[in-house]
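Subject: A structure for you to look at

Hi there,

Here is the structure I promised to pass on. Have a look at it first, and then read my notes below.

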Amino acid sequence: DTATDVADTAADVAADATDTAADAVEATTDTATEAVDAVADTATETTEAATADVAEEGAAAVSEAPVTEETTSIADLLTLDGFDFDKVANLIDGSDMGVLQKTTLKTGLQQAQDNPELLQGILDQVKEAMGL
């Protein structure tokens, strides 16, 4: 009987230890999941805030651009003869394109502005992205 009682007690202790370990794993998993969710929420909020800031800055840059008597049309700016990097960059910033697309197009323009063959291709991409 004593051996049976000891075996039963050992089995109970082992079961309790298993339950405790399972509870600890579950608690750790819950904590890790909450941490991942918090990081994801923070990243989303940061991205949304940055996107809003960039959109506001772009709109402000366009609205603050000086208006001259000889206002150049958008179509003229997007040609090799009428190209003006700053004006086209402001035009892109003020558009409703995504931040990544704006950055890609402006980087392409900056790199191609001294090469007419490359510049024409980028200007065509800007026209397409703006629906012109």
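What is the mean pLDDT of the chain, and what share of its residues reach 70 or more? The mean is 76, and 76% of the residues reach 70 or more; pLDDT is the predictor's confidence in each residue, from 0 to 100. This is a predicted model, so local features need pLDDT of at least 70 and side-chain atom pairs count only at pLDDT 80 or more, while totals for chains, interfaces and linings use all residues. Residues are numbered from 1 along each chain as its sequence is written, and side-chain values use heavy atoms, with hydrogens and water left out.

Confidence is lowest in helix H1 (residues 2–64), with a mean of 70, and highest in H4, with 88. Where pLDDT is low, the predicted coordinates should not be read in detail.

Now the overall layout. The chain has five helices and zero strands (DSSP runs numbered from the N terminus: helices are H or I with at least four residues, strands are E with at least two). Of the 132 residues in the chain, 15% are buried, meaning under 20% relative accessible area with a 1.4 Å probe and protein chains only, where exposed is over 50% and partly exposed lies in between.

Next, the helix pairs. The axes of H4 (residues 99–112) and H5 (residues 116–129) come within 8 Å and cross at roughly 155 degrees. Axes are lines fitted to C-alpha atoms, for helices over the stretch in contact, and angles run from 0 to 180 degrees between N-to-C directions. That angle makes H4 roughly antiparallel to H5 (over 145 degrees; under 35 is roughly parallel, 65 to 115 roughly perpendicular and the rest oblique). On the H4 side, the contact (heavy atoms within 4.5 Å) is made by residues including Leu105 and Leu109, and on the H5 side by residues including Leu119 and Leu123.

H3 (residues 85–93) packs against H4 at an angle of about 170 degrees, with the axes 10 Å apart. H3 is therefore roughly antiparallel to H4. Here Phe85, Val88, Ala89, Ile92 and Asp93 of H3 meet Lys102, Leu105, Lys106, Leu109 and Gln110 of H4.

Finally, find Phe83, in the loop between H2 (74–77) and H3. Is Phe83 buried or exposed? Phe83 counts as buried because its relative accessibility is 17%. Leaving aside neighbours within four places in sequence, Phe83 is in contact with Asp76, Leu77, Val88, Leu109, Gln113, Leu119 and Leu123. Phe83 and Gln120 are 37 residues apart in sequence, and their C-alpha atoms are 9.7 Å apart in space.

Enjoy exploring, and write back with any questions!
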